[in-house]
Amino acid sequence: MAMLLELTNKGIYCPQADVYIDPHRRVENAIITHAHSDHARPGNSHYLAHKDSEAMLRMRLGEQISLRTVAYGETFTINGVKFSLHPAGHIIGSAQIRVEFKDEVWVAAGDYKLHDDGFCPVFEHVKCNVFITESTFGLPIYKWQPQQQTMQDITAWINTNNQQQTTSVLMGYSLGKMQRLIKQLNHFDFGIYGTSDVVAVNERLREAGCDLPYVKPLKSNFVKENLKGALIFASPSGARSALFKKLENYSVGYCSGWMLHGKSKYFSDVDRGFALSDHADWDELNTAVKESGAEKIYVTHGSTTAFSKWLCDKGYDAKEIEFMKGVG
Ligand SMILES: [Zn+2]
Ligand SMILES: [Zn+2]
């Protein structure tokens with residue numbers, strides 16, 4: 001008998017419903033867990049996603065894509081297979097995909113985190129027989145401090161910079177990290193700006209009804225004087241070198257889970273790292289696996305070998321899947 005979900009070279013496939021989850025290659029029917037580019041790829045004929053993913057999917061994949069949206073917990077049936085999406089707590093609109101057929105339940109969690117980031121809905125534990133989990137930070141060395149503590153650290157850094165007339169350039173992914181930061185760090189009585197890509201995402205989400213404060217776009221012809229001591233939200237992919245060239249006195253802070261154990265060579269132009277992640281840490285991964293109630297676990301992304309071995313040692317039937325290695 002075919003498995004309910006198969007792990008193919010195009011992505012996670014449900015043969016009974018003929019639908020893929022986050023396919024890596026063009027397919028007819030794609031269910032998308034969230035709008036990050038390693039999960040939501042262009043060129044599929046039909047998309048289905050959570051309604052809060054719509055704005056970003058249309059912005060990134062094209063306004064005209066064929067897209068059906070559903071709410072969390074809303075069930076829909078394809079050829080006898082019952083599907084529903086549940087909060088993954090990763091970024092806005094991110095969803096775990098629950099798949100049920102003939103008394104068997106699989107959950108493909110996609111990217112997720114358990115801690116509340118103050119912006120997107122919190123992860124929901126969904127009972128299943130088979131749980132497909134990520135393991136981006138699937139090593140015991142990864143343990144996040146509470147978000148509030150990290151935000152205090154960032155605030156102190158921004159205030160110190162301001163007192164020294166230094167511009168704070170706070171970096172992180174434009175989708176996910178930036179909304180957390182903008183939501184938490186908007187109470188300064190000096191200038192707050194965003195680079196064009198950050199502001200584009202922020203405005204699109206505000207139009208879609210997200211509760212986010214307005215951030216002023218940083219114009220390319222900005223006046224240096226006005227940016228002394230200011231805060232700039234910037235994405236790493238933005239024109240950082242052009243921006244830095246024009247700024248006089250600035251300090252770069254970078255928000256990423258990879259900052260937990262110091263900056264790597266990839267972050268040579270970063271002055272200060274803040275360990276803030278939209279992925280689960282070691283304890284969160286273990287909690288998610290335990291609370292799923294699943295006997296069988298598939299592990300994707302990052303530390304798949306170590307995490308699946310750890311789970312096997314604990315008595316789970318755990319296997320790593322290679323095809324989705326990467327960050328995001
Ligand atoms: Zn990812
Ligand atoms: Zn992601």
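Reply: Where the two parts of the chain meet, 15 residues of domain 1 are in contact with 14 residues of domain 2, contact meaning that the C-beta atoms, placed from the backbone, lie within 7 Å. On the side of domain 1 that touches domain 2 there are ten nonpolar, four polar and one charged residues (Ala, Val, Leu, Ile, Met, Phe, Trp, Tyr, Cys and Pro count as nonpolar, Asp, Glu, Lys and Arg as charged, and the others, Gly among them, as polar). Domain 1 covers 6–142 + 279–320, while domain 2 covers 147–274, the bounds coming from an automatic or database domain assignment. Taken over C-alpha atoms, the centres of the two domains are separated by 29 Å.

This is a predicted model, so local features need pLDDT of at least 70 and side-chain atom pairs count only at pLDDT 80 or more, whereas totals for chains, interfaces and linings use all residues. Residues are numbered from 1 along each chain as its sequence is written, and chains are lettered from A and ligands numbered from 1 in the order in which they are written.

Six strands form an open, parallel sheet in the order β14-β13-β15-β12-β16-β17; strands (E, at least two residues) and helices (H or I, at least four) are DSSP runs numbered from the N terminus, and two strands pair if DSSP finds at least two bridges between them. At the edges stand β14 (216–217) and β17 (272–274), each of which has a single partner strand, so one side of each is left without a neighbour in the sheet.

Strand β13 (residues 192–194) is joined to β14 by two bridges, the two strands running parallel, and G194 stands opposite P217 of β14. Five bridges connect β12 to β16, again in parallel, and one of the residues involved is T167, whose bridge partner in β16 is Y250. Strand β16 also pairs with β17 in the parallel sense, over three bridges, with Y254 facing G273 in β17.

A helix is set against this sheet: α3 lies across β12, β15 and β16, and runs at about 160° to β15 (axes are lines fitted to C-alpha atoms, for helices over the stretch in contact, and angles run from 0 to 180 degrees between N-to-C directions). Helix α3 (residues 177–184) is mostly covered, with six of its eight residues buried; buried means that 20 or more other C-beta atoms lie within 10 Å of a residue's own, exposed that 12 or fewer do, and partly exposed anything in between, with C-beta atoms placed from the backbone. The buried residues of α3 are K177, M178, Q179, R180, L181 and I182, and they pack against β12 (167–171), α4 (196–207), β15 (231–234) and β16 (250–255).

If we leave aside residues up to four places away in sequence, I232 touches T167, S168, V169, L170, Y193, T195 and L218.

For contrast, consider some strands and residues elsewhere in the chain. Another open sheet has six strands in the order β1-β2-β3-β4-β5-β6, and its pairing is mixed; its edge strands are β1 (6–8) and β6 (67–70), each pairing on one side only. Four bridges join β5 (residues 46–50) to β6, which run parallel, and A49 has T69 of β6 as its bridge partner.

The loop between β9 (95–101) and β10 (104–108) holds K102 and also D103. Most residues other than glycine have a negative phi. Neither residue is a glycine, yet K102 has a positive phi of about 45° and D103 one of about 65°. K102 is exposed because it has 9 other C-beta atoms within 10 Å, and D103 counts as exposed because it has 6 such neighbours.
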